[in-house]
Amino acid sequence: MKRYILFLPILFILTSCGVSQKVLSPTEIKMMTTKQFEANYDLVFSSAISLLQSEGFLINNTDKTTGLITANKQIDNKNAGLQMFLIGTATEASTSQASFFIQALNDELTEVKFTLYEGSVSSSYNQYSGKSTTNKNSMVEDATIYANWFNNLRSEIERRKALIQ
């Protein structure tokens, strides 16, 4: 009984000290994930595909009519088998999913909305049901990551402009 009396306050302290994460408003997300480029639609569209490929993403779908590009990347954990054997659970891979929505505003101004999701594929072994796999994904909400992607896209657009001229 004394153990429970000591355990309950410790449990309360540990659970009440959780880190709260700021929830971004839709307007904040739009500002972070949307930029305009002074370039024509075709150049921005091909530059986005080129950027994704150079970042190691596998292009899943492109639709030039709607301006949608989707891609994913998976990095496998080479130690997952050993971890499953030793502790019965492992993160098998880290995943990233990216999408571009590109829209021409006029002949020389194009708007780009970019979203990035990161996650993992985890497995655990249960003696009753065998191996179970869980996929987790969440939207990246770090403005510096989006700024880096947009800077890289701007560089790719400028590189392609220089090649055309």
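**Exercise 1. In which strand is T115 found? Work out its surroundings.**

A word on the ground rules: this is a predicted model, in which local features need pLDDT of at least 70 and side-chain atom pairs count only at pLDDT 80 or more, while totals for chains, interfaces and linings use all residues. Residues are numbered from 1 along each chain as its sequence is written, and side-chain values use heavy atoms, with hydrogens and water left out.

*Solution.* 
- Step 1: T115 is found in strand β5. Strands (E, at least two residues) and helices (H or I, at least four) are DSSP runs, numbered from the N terminus.
- Step 2: T115 counts as buried because its relative accessibility is 13%. Buried means under 20% relative accessible area, exposed over 50%, and partly exposed in between (1.4 Å probe, protein chains only).
- Step 3: Leaving aside neighbours within four places in sequence, T115 is in contact (heavy atoms within 4.5 Å) with T33, Q97, A98, S99, M139 and Y146.
- Step 4: With S99, the side chain of T115 forms a polar contact of 2.7 Å. Such a contact is a pair of N or O atoms within 3.5 Å; within protein, one must be able to donate a hydrogen and the other to accept it, and residues adjacent in sequence count only if both atoms are side-chain atoms.
- Step 5: From T115 to Y146 the C-alpha distance is 8.2 Å, although they are 31 residues apart in sequence.

**Exercise 2. Describe the overall layout of the protein.**

*Solution.* 
- Step 1: Count the elements: five helices and six strands.
- Step 2: Take the contacts with a separation of 6 or more; residues 24 or more positions apart account for 57% of them.
- Step 3: Of the 165 residues, 28% are buried.

**Exercise 3. Which residues have the most contacts inside the largest nonpolar core?**

*Solution.* 
- Step 1: A nonpolar core is a set of buried Ala, Val, Leu, Ile, Met, Phe, Trp, Tyr and Cys residues joined through side-chain atoms within 4.5 Å. The largest one has 28 residues, and F100 and I102 have the most contacts inside it.
- Step 2: Elements that each supply at least two residues include α2 (26-33), β4 (89-106) and α5 (143-164). The largest share, seven residues, comes from α3.
- Step 3: Beyond its neighbours within four places in sequence, I102 touches several residues, among them Y41, V44, F45 and A48.
- Step 4: Move to F45, which is found in helix α3. F45 counts as buried because its relative accessibility is 5%. The C-alpha atoms of F45 and G67 are separated by 7.3 Å.

**Exercise 4. Which residues are buried in α5, and why do they line one face of the helix?**

*Solution.* 
- Step 1: The buried residues in α5 are Y146, W149, F150, L153, E156 and I157.
- Step 2: Seen down the axis, these residues fall within an arc of 120 degrees, so they line one face of α5. The arc is that of the directions from the helix axis to the C-beta atoms.
- Step 3: Here is the background: an α-helix has 3.6 residues a turn, so residues three or four places apart point the same way.
- Step 4: Look at E156, which counts as buried because its relative accessibility is 12%. Its side chain makes a polar contact of 3.0 Å with the side chain of S50.
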